[in-house]
Amino acid sequence: MQSFNTSLSTPDFFLNGFIGLEVYFLWLSIAYIVIFSFACAVNITLICVVKLEQNLHTPMYIFLCVLAVIDIGGCVSTIPKILQITIFNDRAISFHVCFLQMFFVLFLSAMESGVLAVMAYDRYVAICNPLRYTSILTPATITKILLVVFLRCIVLTGMFPVLASRLPYCLSTDVPQCYCDHIPVARLSCADITLNNIYGLCVAFLVVGMDLMYISFTYIMIIRAVLKLASKTARVKAFSTCGPHFTVILYIYTSSLLTYLINRFGQNQSQQLVVITTTLYLILPSILNPVIYAARNKEIREGFIKLFLKKTTHSIK
């Protein structure tokens, strides 16, 4: 169904990413409810574990908590509207809410990239300069680093809804996605979107590109330092501390690149494939991040077990 707006007033948009999948709406809604519940539960539990365990009050786990908050925010900014579509078949989203969602989706994605870069620096200091780890990554330094990342993301991603909202939407208002993303929405405009495309490419380079280059350089330095260690046991232990972080990086940046290419050049691909791919990119990290770190980190596993046993004991009493 196509909807058109012939005036210059602010239109409602219609998120038509799930068109053609109506027969699966029941199963999709169940799947998204399970994903939302599980993602919020494991990330909140992770934050509680880090807060309650004194031995986890270190920079690495603080950054991990920030990542958990970002993952929760990613779910909250997208899944409720997806459930509104799959349960009530309500595809409409108001003009201002659409651009608000656009901002949060892009801001949280940029924050996740920035925090992963900061976590790479944390691993570099822990492995290459362990004796000065606590003196380098002090609470004040951590706060300043996260503030810089936050401000960078606010400034760069805040321009996306500004640029897109100033466009005249006098043609179709059917967004071929299940959430408001910058380029899919901008393409609905009857004006030239060259500026939007150029700005999107610049931000992609300044955020994802620069972060990925920094992470790559950091891991090269880490690998060089680890290979110089005399003990094989020490080398294995050093590599194991980077394993969860490297796994998360590999998934997030691979899926980010795939999603970016699909949004830019995948107009001729199956709409359902595009929607499923981009949605999974937004949602799956919120589940995978805490699971990967819990599976590969002994302290977090023990914290989860202690918290679970404590709750079980209280419930029995």
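User: Which residues in α5 meet which residues in α7?

Analyst: In this predicted model, the α5 side consists of Arg152, Val155, Leu156, Met159, Phe160, Leu163 and Ala164, and these meet Leu195, Asn196, Tyr199, Gly200, Val203, Leu206, Val207 and Asp211 of α7. Sorted by class, the contact of α5 with α7 has 11 nonpolar, two polar and two charged residues.

User: At what angle do α5 and α7 pack, and how far apart are their axes?

Analyst: Two packed helices are described by the angle between their axes and the distance between the axes. For α5 and α7 the angle is about 160°, and the axes are 11 Å apart. An angle over 145 degrees counts as roughly antiparallel, and α5 and α7 are therefore roughly antiparallel to each other.

User: Is the crossing of α5 and α7 left-handed or right-handed?

Analyst: The crossing of α5 and α7 is left-handed.

User: At what angle do α3 and α5 pack?

Analyst: Again the description needs an angle and a distance between axes. Helix α3, residues 95-128, packs on helix α5, residues 139-165, at an angle of about 150°, and their axes are 8 Å apart. This angle makes α3 roughly antiparallel to α5. The crossing of α3 and α5 is right-handed.

User: Which residues make the contact of α3 with α5?

Analyst: On α3, the contributors are Phe95, Phe99, Met102, Phe103, Leu106, Phe107, Ala110, Met111, Gly114, Val115, Val118 and Tyr121. On α5, they are Ile145, Val149, Phe150, Arg152, Cys153, Ile154, Thr157, Gly158, Phe160, Pro161, Ala164 and Ser165. By class, that gives 19 nonpolar, four polar and one charged residues for the contact of α3 with α5.

User: Is Thr157 buried or exposed, and with which residues is Thr157 in contact?

Analyst: A residue counts as buried under 20% relative accessible area. Thr157, found in helix α5, has a relative accessible area of 2% and is buried. Apart from its neighbours within four places in sequence, Thr157 is in contact with Phe103, Leu106, Phe107 and Ala110.

User: Where in the chain do Glu22 and Arg91 lie?

Analyst: Glu22 and Arg91 form a salt bridge whose closest N and O atoms are 2.9 Å apart. Glu22 is in the loop between β1 (13-15) and α1 (25-52), and Arg91 is in the loop between α2 (59-88) and β2 (92-93), so the two link distant parts of the chain, 69 residues apart. Glu22 counts as partly exposed at 36% relative accessibility, while Arg91 counts as buried at 14%.

User: How far apart are the closest N and O atoms of Arg123 and Asp122?

Analyst: In the salt bridge of Arg123 with Asp122 those atoms are 2.8 Å apart. Arg123 and Asp122 are both buried.

User: What is the phi of Asn89?

Analyst: Most residues other than glycine have a negative phi. Asn89 is not a glycine, yet its phi is positive, about 55°. Asn89 is found in the loop between α2 and β2, and at 41% relative accessibility Asn89 counts as partly exposed.

User: With which residues is His245 in contact?

Analyst: Leaving aside its neighbours within four places in sequence, the contacts of His245 are with Leu116, Met119, Ala120, Tyr219 and Tyr293. His245 is placed in helix α8, residues 232-265, and counts as buried at 1% relative accessibility. From His245 to Ile292 is 47 residues in sequence and 8.6 Å in space, C-alpha to C-alpha.

User: How many helices and strands does the protein chain have?

Analyst: The chain has 10 helices and three strands, running β-α-α-β-α-α-α-β-α-α-α-α-α from the N terminus on. Of the 317 residues in the protein chain, 48% are buried. Among contacts between residues at least 6 apart in sequence, 78% join residues at least 24 apart.

Methods:
Residues are numbered from 1 along each chain as its sequence is written. This is a predicted model: local features need pLDDT of at least 70, side-chain atom pairs count only at pLDDT 80 or more; totals for chains, interfaces and linings use all residues. Side-chain values use heavy atoms; hydrogens and water are left out. Axes are lines fitted to C-alpha atoms, for helices over the stretch in contact, and angles run from 0 to 180 degrees between N-to-C directions. Helices (H or I, at least four residues) and strands (E, at least two) are DSSP runs, numbered from the N terminus. Angles under 35 degrees count as roughly parallel, over 145 as roughly antiparallel, 65 to 115 as roughly perpendicular and the rest as oblique. A crossing is left-handed if the near helix is turned anticlockwise from the far one by less than a right angle, and right-handed if clockwise. Contact means heavy atoms within 4.5 Å. Ala, Val, Leu, Ile, Met, Phe, Trp, Tyr, Cys and Pro count as nonpolar, Asp, Glu, Lys and Arg as charged, and the others, Gly among them, as polar. A salt bridge is a side-chain nitrogen of Lys or Arg within 4 Å of a carboxyl oxygen of Asp or Glu. Buried means under 20% relative accessible area, exposed over 50%, partly exposed in between (1.4 Å probe, protein chains only).
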